[in-house]
Amino acid sequence: MLASCGGGSGDGLDSNGRPLGEGTNPSGPLLATHASIQAHVFTPVCTACHAGAAAPQGLRLDAANSYSMLVGVNSAEVPSLRRVAAGNPDQSYLIQKLEGHAAVGARMPLGGPYLDADTVAKIRQWISNGAPQ
């Protein structure tokens with residue numbers, strides 16, 4: 001499955017792994033909400049690979065599909081874990097993949113550059129808040 005994507009190009013991230021436009025984007029800084037994470041992370045960074053019929057593990061992270069494919073859905077790689085376990089970031093496969101300690105597969109974005117700690121913290125907070133849509 002790793003060969004299905006060219007890996008992380010860094011598109012959408014600055015040299016420190018922070019989403020481009022954060023703080024200067026007219027829509028505002030990255031917030032711990034699905035809409036903000038979609039706009040700042042999933043769309044510009046993750047959809048380089050996770051879009052369309054060939055998305056790795058069937059995980060499409062475009063705006064039309066990301067929420068329904070993440071929250072409360074079992075991971076294809078580790079079915080005993082939810083991709084996003086609302087209220088529990090430590091048991092969310094998404095966090096494990098972003099932080100690089102998942103039992104299966106590579107850290108995301110594949111090949112780096114990786115998201116910085118502050119960005120991952122916003123995603124963790126969204127999940128801790130119950131991952132509201």
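A polar contact is a pair of N or O atoms within 3.5 Å, where within protein one atom must be able to donate a hydrogen and the other to accept it. In this predicted model, such a contact joins the side chains of Ser66 and Gln38 at 2.4 Å. Ser66 is found in helix H2. With a relative accessibility of 0%, Ser66 counts as buried, because buried means under 20% relative accessible area. Residues up to four places away in sequence being left out, Ser66 touches His34, Gln38, Phe42, Arg60 and Leu61.

The largest nonpolar core holds 25 residues, and those that touch the most other members are Val41, Phe42, Val84, Ile123 and Trp126. Two or more residues of this core come from each of helix H1 (34-42), helix H2 (66-70), helix H3 (93-99) and helix H4 (117-128). The most is given by H4, with four residues. In soluble globular proteins, nonpolar side chains tend to be buried together. The surroundings of Ile123 can be listed in detail: apart from neighbours within four places in sequence, Ile123 is in contact with Ile37, Val41, Leu94, Ile95, Leu98 and Leu115.

Trp126, named above among the core residues with the most contacts to other members, also takes part in an aromatic pair. The count of such pairs comes to one. The ring centres of Tyr67 and Trp126 lie 6.5 Å apart and the planes stand at 65°, so the pair is edge-to-face. Tyr67 is in helix H2 and Trp126 in helix H4, and the pair thus links distant parts of the chain, 59 residues apart.

Gln125 and Ala32 are 93 residues apart in sequence, while their C-alpha atoms are 5.8 Å apart in space.

The salt bridges number three. In one of them, Glu77 is paired with Lys97, and the closest N and O atoms are 3.1 Å apart. Glu77 lies in the loop between H2 and H3 and Lys97 in helix H3, so this pair ties together parts that are 20 residues apart in sequence. Glu77 is partly exposed, with a relative accessible area of 27%, whereas Lys97 counts as buried at 9% relative accessibility.

Arg124 takes part in a salt bridge with Asp90, at 2.7 Å from N to O. This pair links distant parts of the chain, Asp90 being in the loop between H2 and H3 and Arg124 in helix H4, 34 residues apart. Asp90 is partly exposed, with a relative accessible area of 48%, and Arg124 counts as partly exposed at 22% relative accessibility. The side chain of Arg124 also meets that of Glu99 in a salt bridge, at 2.8 Å from N to O. Glu99 lies in helix H3 and Arg124 in helix H4, so the pair ties together parts that are 25 residues apart in sequence. Glu99 is partly exposed, its relative accessible area being 28%. Through shared partners, these salt bridges join Asp90, Glu99 and Arg124 into one network.

Key
Residues numbered from 1 in each chain as written. Predicted model: local features only at pLDDT ≥ 70, side-chain atom pairs only at ≥ 80, totals over all residues. Heavy atoms only, no water. Core = buried A, V, L, I, M, F, W, Y, C linked by side-chain atoms within 4.5 Å. Buried < 20%, exposed > 50% of the residue type's maximum accessible area, 1.4 Å probe, protein only. Contact = heavy atoms within 4.5 Å. Phe/Tyr/Trp six-rings, centres within 6.5 Å; stacked < 30°, edge-to-face > 60°. Salt bridge = Lys/Arg side-chain N within 4 Å of Asp/Glu carboxyl O.
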